[in-house]
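Please read it with the sequence and the structure at hand.

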Amino acid sequence: MNIAIVGTGYVGLVSGACFAEMGIDVTCVDIDSRKIDALLRGDIPIYEPGLDDIVKRNVEAGRLHFTTDLTDCLDDVELVFSAVGTPPDEDGSADLSYVLDVARTFGRNIKKYTILVTKSTVPVGTAALVKQAIREELEARGEDIEFEVASNPEFLKEGAAIKDFMSPDRVVVGVESERAQKVMTKLYRPFLTNNFRVYFMDIPSAEMTKYAANAMLATRISFMNDIANLCDIVGANVDHVRRGIGTDVRIGKKFLYPGCGYGGSCFPKDVKALIKTAEKNGYDMRVLRAVEEVNQAQKSILYRKLLTLLPPGDDSSRPLAGRTVAVWGLAFKPETDDMREAPSLVLISELLKAGATVKVYDPVAIPECRRRIADSVIYAKDMYEALVDADALALVTEWKVFRVPSWDVMRRIMKGLIIVDGRNIYDREEVTAEGFTYTAIGK
């Protein structure tokens, strides 16, 4: 089976590599020639555990190809996946310009029955716009070539994307015909031989499912952050509360961990886009507005805690002037270098505005941080170098390397023994017994 995937970002590259791993012939397409040249050299533009090996193995096996021109392979494929970006417009709605560009290229060049499958996260109704764009191009050519569109949203977790793709808990596919359903079944059957978990549905429902899933997870995070903040005020321990409600089978244990806010490429963008979709259809998503509001406020919680623990200087406009704060973790979550909407960026911005010197360390995201904020902070070579002469430490990303630090080393090199734990990974009794002032989220 031959397929093409347009877009070699996170979703497109992971999908292409994993399809190739299962024996499918895959051509990944991107208009960015520098990215394609890098991939042809074996350079992977994103950090995802295991991706380098899969890409290299399948390129060498002749199953994974890269090109800048979709027409190079269009005659030979049964399916074209559209995995291009849908960045938020200024009003928060999804920008569909790249999605529609793919549709127009598809319409200008197909010569036989082919299915265009939207893998990108797109608002409900996008398939109709894609179909219209293809038809307009075919009419301009004077051609009447049969085609179909389908929706196949991704549910990959950054840091565990290979496992998620190779052994999915479900595959959601929106189709309009039995013929398209058979082609998509043929594509996914190798992944699901023991338990065929493909859920076929109409296309609008598939489009909505992706947004609803991300919105639900974002809602759970903001809900627990709200509960944690109240726990801080009334003296409760959110860890006990989390365990107490998580054992209820109707609630479950996942995504009940409070922290300093969610980030990444999906939750913030998709919550905003779903709110905007509702607005365009005359409906107000009141719960999701609150979810977004809580999350934005939560990204400032570490800064607010630091202000209470570090006595301010004489300049009220720069209350942390002369202070040095170490930041452990820059990526929005462990096992990725993705800093899109990362809480670390908010914290760093607030610290710099307050006059603090900021020293940062992350196992993989330092190059991405340097690309975003240049040399406005001091980049440490390791986690302990970031602590030298620091008045306080802010833990932002729960990388495993941070979980069992050497308290002895930290005591010797830090100027002040203050730890603000944005992910609740430390035990209060242990940390305070080591002589540190410790505060977390909801504890």
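## Salt bridges in the model

A salt bridge is counted here when a side-chain nitrogen of Lys or Arg lies within 4 Å of a carboxyl oxygen of Asp or Glu. The model is a predicted one, and in it the side chains of Lys-299 and Glu-341 meet in such a salt bridge, with 3.5 Å from N to O. Lys-299 sits in the loop between helix 11 (286-298) and helix 12 (301-309), while Glu-341 sits in the loop between strand 9 (324-328) and helix 13 (343-353), so this pair ties together parts that are 42 residues apart in sequence.

The structure holds 32 salt bridges. Among them is a network that links Lys-276, Glu-279, Asp-284 and Arg-289.

## A pair across the chain and a pair within a helix

Arg-179 and Glu-146 form a salt bridge in which the closest N and O atoms are 3.3 Å apart. This pair links distant parts of the chain, since Arg-179 belongs to helix 7 (residues 178-188) and Glu-146 to the loop between helix 5 (126-141) and strand 6 (147-151), 33 residues apart. Arg-179 is partly exposed, with a relative accessible area of 42%, and Glu-146 is likewise partly exposed, with 48%.

Arg-242 forms a salt bridge with Asp-239, and here the closest N and O atoms are 3.6 Å apart. Because Arg-242 and Asp-239 are three residues apart in helix 9 (residues 238-246), about one helical turn separates them. With a relative accessible area of 12%, Arg-242 is buried, and Asp-239, with 14%, is buried as well.

Most residues other than glycine have a negative phi. Ala-374, although it is not a glycine, has a positive phi of about 55 degrees. Ala-374 is found in the loop between helix 14 (366-373) and strand 11 (378-379), and its relative accessible area of 41% makes it partly exposed.

A positive phi, near 65 degrees, is also found for Asp-389, a residue other than glycine. Asp-389 is located in the loop between strand 11 and strand 12 (392-395), and at 46% relative accessibility Asp-389 counts as partly exposed.

Key:
Residues are numbered from 1 along each chain as its sequence is written. This is a predicted model: local features need pLDDT of at least 70, side-chain atom pairs count only at pLDDT 80 or more; totals for chains, interfaces and linings use all residues. Side-chain values use heavy atoms; hydrogens and water are left out. Helices (H or I, at least four residues) and strands (E, at least two) are DSSP runs, numbered from the N terminus. Buried means under 20% relative accessible area, exposed over 50%, partly exposed in between (1.4 Å probe, protein chains only).
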